[in-house]
Amino acid sequence: MTKPKSAGTDMREEIFPFAGQVVYVKRKRIKNMYLRVQKPDGRIEVTAPLRMKREAVTDFLAKHWQWVGKKQQSMREKLTSQNLTRQYQTGDKVPLWGQYYDLVVRDSASRQASVFCKETRIILTVPSYATVEQRREIVNGLYRRQLEQAIPKLLPRCEAIVGKKAAECRIRNMKTRWGTCNIVKARVWLNLQLAKYKPEALEYVMLHELTHLWVANHGPAFKARMDKYCPDWRRIRQELNKRADFA
């Protein structure tokens, strides 16, 4: 699939399948070709000269496909390591809005479980037989409540900045993306895990997804709007992806 060339620019974007994956190609007025595997989800991006044939791009991919696989595997292993490292036991450090809290786990006399934040601690009360996965889900409940409180306050401000309104803004626990936008239904989804990071990360992702209601792709027109709506978005994105923790 080829996306139309942006007005007033010398860039074109394409999306096509290769070896069972999706490749994103940006064509620019350049001489050389570049290949990147982007954090946090291993997205494959190629930057190629405007007039280069598709066959040359696929040959380039085939030549470097082993490297792509190693990079993606490294990213998957990082996510797995994060899952194994945090056991949700007393003494663990749990992130919330960019700060780390000491986790205190207490036994519940019943089957009921609860979690709340108190000063510098997060108190998790669970039955003694609760698994790591069950404890993680309960902590995710804390993140969900935090976002449910933050989003209604932040969304109107972001909509005013962008000049577009979301028909819905929902929360989803995603493993590789910070947010998504259904541009047809004007529905925005935000990653549950954003509650781990500084509030500016949530604002950046919200602005990013709302901007897709103006521009569907990530081309120059999109970036120009983001520069206007969130001048520091590149730094925030870099820090967010560097610290990506989907566990």
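Start by selecting Phe18: with a relative accessible area of 17%, this residue is buried, since buried means under 20%. Keep in mind as you click around that this is a predicted model.

**Stop one: the aromatic pairs**

How many aromatic pairs does the structure hold? There are two. For the other, select Trp178 and Tyr197. Here the ring centres are 5.4 Å apart with the planes at 85°, so you're looking at another edge-to-face pair. Both partners come from loops: Trp178 from the one between strand 9 (168-172) and strand 10 (179-182), Tyr197 from the one between strand 11 (187-191) and helix 3 (199-211). They are 19 residues apart. Trp178 is buried, at 9% relative accessible area, and Tyr197 counts as buried too, at 10%.

**Stop two: the salt bridges**

Side chains of opposite charge can pair when their charged atoms come close. In this model the count comes to 13 salt bridges, so let's visit a few.

Pick Asp102 and Lys93, whose side chains meet at 2.3 Å, N to O. Asp102 is partly exposed at 29%, and Lys93 is partly exposed at 45%.

Next, select Glu168 and Arg170. Their closest N and O atoms are 2.5 Å apart. Glu168 is partly exposed, with a relative accessible area of 27%, and so is Arg170, with 32%.

Then go to Asp245 and Lys196, a salt bridge with its closest N and O atoms 3.3 Å apart. Asp245 lies in the segment after helix 5 and Lys196 in the loop between strand 11 and helix 3, so this pair ties together parts 49 residues apart in sequence. Are these two buried or exposed? Both are buried.

**Last stop: a patch on the surface**

Finish by showing the surface and selecting Lys39, Lys71, Lys198, Lys242 and Arg243, which gather in a patch of positive charge. Take a look at Lys242 while you're there. Lys242 is in helix 5 (residues 233-242) and is exposed, with a relative accessible area of 58%.

Terms used
Residues are numbered from 1 along each chain as its sequence is written. This is a predicted model: local features need pLDDT of at least 70, side-chain atom pairs count only at pLDDT 80 or more; totals for chains, interfaces and linings use all residues. Side-chain values use heavy atoms; hydrogens and water are left out. Patches are made of residues with over 30% relative accessible area and no salt bridge: like charges are joined within 9 Å, nonpolar side chains (Val, Leu, Ile, Met, Phe, Trp, Tyr) within 5 Å. Accessible areas come from the Shrake-Rupley method with a 1.4 Å probe; for residues, only the protein chains shown count as cover. A salt bridge is a side-chain nitrogen of Lys or Arg within 4 Å of a carboxyl oxygen of Asp or Glu. Lys and Arg count as positive and Asp and Glu as negative; His and the chain ends are not counted. The place of a charge is taken as NZ of Lys, CZ of Arg, CG of Asp or CD of Glu. Helices (H or I, at least four residues) and strands (E, at least two) are DSSP runs, numbered from the N terminus. Buried means under 20% relative accessible area, exposed over 50%, partly exposed in between (1.4 Å probe, protein chains only). Rings of Phe, Tyr and Trp (its six-membered ring) pair if their centres lie within 6.5 Å; planes under 30 degrees apart count as stacked, over 60 as edge-to-face and the rest as tilted.
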